[in-house]
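Subject: structure for you to look at

Dear colleague,

Here is the structure I said I would pass on. My notes on what was found in it follow below.

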Amino acid sequence: MDEAKSGADTPSSLIDGRIAELADWRGETLARLRALIKEADPGVTEEWKWRGVPVWEHDGIVCTGETYKAVVKMTFARGAALEDPDGLFNSSLEGNTRRAIDFREGEAIREDALKALVRAAVALNRSSRAKTRK
């Protein structure tokens, strides 16, 4: 995607473009993750940051959707502070802030658990934002 002409494009259209340009399992996976994020939180907004990373926000960053050769990585900005009762986090486990889920080709997405994790991330953002307003 041409970064120079992307100024007129919306973040959502840039994400559409990324999904289309991948044209393989990674695009399908990113599209499904995007749909699940929106189902979990219809109030989420889409952003395009750091020279081409899809980002979903609600009162702060909820998660990102990065694509690599072998994985689609969904990174939760404040994942270390989230409960993960279904054990979805399988990457970036050593840090004090972020946690990620790496999705590989052919892996099933545990949709209900993922939506619960997105809702928990939004709730954490909201509670943190409410504390800073006091």
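I start with one residue. Leaving aside neighbours within four places in sequence, Ile 101 is in contact (heavy atoms within 4.5 Å) with Val 72, Lys 73, Met 74, Phe 76, Leu 88, Phe 89, Asn 90, Leu 114 and Leu 117.

Before the rest, the conditions. This is a predicted model, in which local features need pLDDT of at least 70 and side-chain atom pairs count only at pLDDT 80 or more, while totals for chains, interfaces and linings use all residues. Residues are numbered from 1 along each chain as its sequence is written, and side-chain values use heavy atoms, with hydrogens and water left out.

Overall layout

The chain has three helices and five strands; these are DSSP runs, H or I of at least four residues for helices and E of at least two for strands, numbered from the N terminus. Their order from the N terminus is α-α-β-β-β-β-β-α. The radius of gyration is 15 Å, close to the 14 Å that the globule rule gives for 134 residues, so the chain is as compact as a globular protein of that length. That radius is taken over C-alpha atoms, and the globule rule is 2.2 Å times the number of residues to the power 0.38. The C-alpha trace spans about 40 × 35 × 25 Å along its principal axes. Of the 134 residues, 45% count as buried, where buried means under 20% relative accessible area, exposed over 50% and partly exposed in between (1.4 Å probe, protein chains only). Among contacts with a separation of 6 or more, 50% are between residues 24 or more positions apart.

The five strands make an open sheet in the order 1-2-3-4-5, with antiparallel pairing; two strands pair if DSSP finds at least two bridges between them. Strand 1 (45-49) and strand 5 stand at the edges with a single partner strand each, so one side of each has no neighbour in the sheet. On average, neighbouring strands are turned by 20 degrees against each other, direction ignored.

Strand 2 and strand 3 are joined by three bridges and run antiparallel. Glu 57 has Ile 61 of strand 3 as its bridge partner. The two strands form a hairpin with three residues between them, and Asp 59 in the turn has a positive phi of about 60 degrees. A further hairpin leads from strand 3 to strand 4 through four residues, and these strands pair in the antiparallel sense over five bridges. Across that pairing, Gly 65 stands opposite Met 74 and Thr 64 opposite Thr 75. Six of the seven residues of strand 3 are buried, so this strand is largely enclosed by the rest of the structure.

Helices against the sheet

Helix 1 lies across strand 1, strand 2 (53-57) and strand 3, running at about 70 degrees to strand 1. Axes here are lines fitted to C-alpha atoms, for helices over the stretch in contact, and angles run from 0 to 180 degrees between N-to-C directions. Helix 2 packs on the sheet and touches strand 1, strand 2, strand 3, strand 4 and strand 5; its direction makes about 30 degrees with that of strand 4. Thr 29 lies in helix 2 and counts as buried at 14% relative accessibility. Not counting residues up to four places away in sequence, Thr 29 touches Val 72, Phe 103 and Ile 109.

Core and aromatic pair

The largest nonpolar core has 30 residues, of which Met 74, Phe 76, Ile 101 and Leu 114 touch the most other members. Such a core is a set of buried Ala, Val, Leu, Ile, Met, Phe, Trp, Tyr and Cys residues joined through side-chain atoms within 4.5 Å. Two or more residues each come from helix 1 (11-22), helix 2 (25-40), strand 3 (61-67), strand 4 (72-76), strand 5 (99-103) and helix 3 (111-133). Helix 3 gives the largest share, seven residues.

A search of the whole structure finds one aromatic pair. Rings of Phe, Tyr and Trp (its six-membered ring) pair if their centres lie within 6.5 Å; planes under 30 degrees apart count as stacked, over 60 as edge-to-face and the rest as tilted. Phe 76 lies in strand 4 and Phe 89 in the loop between strand 4 and strand 5, so the pair ties together parts 13 residues apart in sequence. Phe 76 is buried at 0% relative accessibility, and Phe 89 is buried at 10%.

Regards
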